[in-house]
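Dear colleague,

Please find the structure below, handed over for your reference.

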Amino acid sequence: MDPASVWEDVLSRLRPGPALGEAATTDLWVGAALAAGVAVVLVPVLWRLLRVVVTVVHELGHAVVGMAVGRSFTGLVLRADMSGHAVTVGRSRGPGRVVTTWAGYPAPAIVGAGLVHAGSHGWAAPVLAALVVLLAVALVRSRSLFTAVIVLATFAGTGWLWWAGGEAAQGLVLVSLGVVLLLGAWRHLGAVMGARERGSDPAVLAQLTPLPAGVWTTTFALVLGAASWLTARHLWELLVH
């Protein structure tokens with residue numbers, strides 16, 4: 001195969017496409033994508049199977065922000081109970097450690113809002129390509145067989161959707177996934193609000209700063225609320241265009 005044609009094929013899959021409202025997609029399909037995302041979070045059997053997606057984004061939120069402030073991302077661990085842990089190496093205290101610890105709970109909501117916006121505006125292909133790269137890094141950093149299997153499956157599914165999925169299908173999947181992450185972020189926050197674990201993110205933040213855990217939990221809720229409001233407004237505009 002001609003390398004030039006392969007490169008052109010790759011580049012063609014990195015270009016933005018038409019917005020959902022401009023493609024041959026009806027409001028019915030958009031509604032179905034939204035309903036599928038809501039079902040994943042609200043139907044217990046689906047949530048038990050797929051909540052790991054929210055966990056992966058939570059942990060990669062720690063990792064990406066940690067790297068952005070100069071820490072090293074050295075490991076990712078996912079557990080069978082769908083909890084997880086991202087290992088970053090750097091100073092044990094200070095602003096970098098604080099923002100790295102803080103980033104986990106807001107990450108699914110922020111990413112979810114971004115996916116809904118990107119999927120509906122034709123940016124699904126470049127976003128999927130970026131996710132493939134990020135998941136490849138996470139796969140290399142996996143520290144257990146279970147983690148590697150989950151990340152590899154997510155990497156393969158994302159890669160297939162990016163390479164072989166149609167533009168409309170890519171957009172609808174990102175909209176649905178964005179809803180899962182946004183609603184799942186609220187479920188995860190609700191779980192930590194009722195917990196008293198010393199190793200939880202709010203508890204660690206309370207140990208690192210003068211502020212109590214409740215204040216940090218409130219900051220999470222404010223970010224989730226803002227992401228939810230922006231996403232709801234965008235979806236309303238999408239459905240009534």
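**Pockets and selected residues**

In this predicted model, the lining of the largest pocket draws at least two residues from each of helix H2 (27–42), helix H3 (44–50), helix H4 (52–68), helix H6 (106–120), helix H7 (124–140), H8 and H9. The space within the largest pocket comes to about 980 Å³. Its lining consists of 39 residues, and those closest to the centre are Val53, Val57, Thr154, Thr158 and Leu177. Sorted by class, the lining of the largest pocket comprises 34 nonpolar and 5 polar residues, with no charged residues.

The second largest pocket holds about 750 Å³ of space. Lining the second largest pocket are 26 residues, and His58, Glu59, Gly84, Gly199 and Asp201 lie nearest its centre. At least two lining residues of the second largest pocket come from each of H4, strand E2 (84–89), H5, H9 and helix H10 (201–208). The classes represented in the lining of the second largest pocket are 7 nonpolar, 12 polar and 7 charged.

Thr101 belongs to helix H5, which spans residues 95–102. Thr101 is classed as buried because its relative accessibility is 8%, and the cut-off for that class is under 20%. When neighbours within four places in sequence are set aside, the contacts of Thr101 are with His62, Asp201, Val204, Leu205 and Leu208. One of these, Asp201, is also listed among the residues nearest the centre of the second largest pocket.

Thr217 is located in helix H11, which covers residues 213–239. With a relative accessible area of 12%, Thr217 is likewise buried. If residues up to four places away in sequence are not counted, Thr217 touches Leu189, Met193 and Pro202.

Gly166 sits in the loop that lies between helix H8 (145–164) and helix H9 (167–193). Gly166 is counted as partly exposed because its relative accessibility is 38%, and that class lies between the limits of 20% and 50%. Gly166 and Ala125 are 41 residues apart along the chain, and 9.3 Å separates their C-alpha atoms.

With kind regards

Notes. Residues numbered from 1 in each chain as written. Predicted model: local features only at pLDDT ≥ 70, side-chain atom pairs only at ≥ 80, totals over all residues. Heavy atoms only, no water. Helix = DSSP H or I, 4+ residues; strand = E, 2+ residues; numbered from the N terminus. Buried < 20%, exposed > 50% of the residue type's maximum accessible area, 1.4 Å probe, protein only. Contact = heavy atoms within 4.5 Å. 1 Å grid on protein atoms, 1.4 Å probe; cavity = no way out; pocket = protein on both sides within 12 Å on 5 of 7 lines; lining within 4 Å. Points joined across faces, edges and corners; volume = space filled by probe spheres on them. Nonpolar A, V, L, I, M, F, W, Y, C, P; charged D, E, K, R; others polar.
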